[in-house]
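Please look over the sequence and the model below before reading the notes, which are arranged by topic.

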Amino acid sequence: MTATQRPAASCGCATSRLSGLTSLSRQQREAGMRYRQDFRNSSEATAKPMAWAERVDGGRTGSGVAEHILSAGRDHAEATRALVHWEIAGIVQKVCCADATVKSLAEQAGEPRDVVVKLLKIGLDILAVHYGMMLMRKPR
């Protein structure tokens, strides 16, 4: 499978999208790449049918989903919740996970590119704070 045949979630395009925005800080880029990696890890494998076995304590084994995939899914969901506002979350998800360009998002929203970039930067700042890459800024 070549890079042109792979779905957007598995190519390295979002990394180049983030590196193409020169106004982003290192922490913002790292937060965007981690958010994307959590998304990719959580969607890398699907549940496989397996035989379930009852344990003595009543729990089950062999659920078919590896723990690291579940953990990545939880991390991605927690980071998305940290973004708080639906508009900010949507822009971050589209740029980091769905390979959308800032230009195309601005055209779809009918907003100037600067507005979309500002919302993306706010979202990436929130993610950087969530991931512990930078401290929360004090309001001015």
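Residues are numbered from 1 along each chain as its sequence is written, and side-chain values use heavy atoms, with hydrogens and water left out.

**Overall make-up**

- The protein has six helices and two strands, where helices (H or I, at least four residues) and strands (E, at least two) are DSSP runs numbered from the N terminus.
- Read from the N terminus on, the elements follow the order α-α-β-β-α-α-α-α.
- Of the 140 residues, 31% count as buried, a term for under 20% relative accessible area, with exposed meaning over 50% and partly exposed lying in between (1.4 Å probe, protein chains only).
- Among contacts (heavy atoms within 4.5 Å) with a separation of 6 or more, 65% come from residues 24 or more positions apart.

**Confidence**

- The mean pLDDT, the predictor's confidence in each residue on a scale from 0 to 100, is 76 for the protein, and 69% of its residues reach 70 or more.
- Confidence is highest in helix α6 (residues 113–130), at a mean of 93, and lowest in strand β1 (residues 53–54), at 54.
- Over residues 1–12 the pLDDT is below 50, although this stretch has 13 contacts in the model beyond near neighbours in sequence.
- Where pLDDT is low, the predicted coordinates should not be read in detail.

**Helices α2 and α4**

- The axes of helix α2 (residues 26–42) and helix α4 (residues 86–96) come within 10 Å and cross at roughly 75°, the axes being lines fitted to C-alpha atoms over the stretch in contact, with angles from 0 to 180 degrees between N-to-C directions.
- The two helices α2 and α4 are therefore roughly perpendicular to each other, a label for angles of 65 to 115 degrees.
- On the α2 side G32, Y35 and R36 take part, and they meet V92, Q93 and C96 of α4.

**Two single residues**

- H76, which lies in helix α3 (residues 67–82), counts as buried because its relative accessibility is 12%.
- Apart from neighbours within four places in sequence, H76 is in contact with Y35, D38, F39 and C97.
- S19, in helix α1 (residues 13–20), counts as partly exposed because its relative accessibility is 42%.
- S19 and R29 are 10 residues apart in sequence, and their C-alpha atoms are 7.1 Å apart in space.

Definitions and conventions. This is a predicted model: local features need pLDDT of at least 70, side-chain atom pairs count only at pLDDT 80 or more; totals for chains, interfaces and linings use all residues. Angles under 35 degrees count as roughly parallel, over 145 as roughly antiparallel, 65 to 115 as roughly perpendicular and the rest as oblique.
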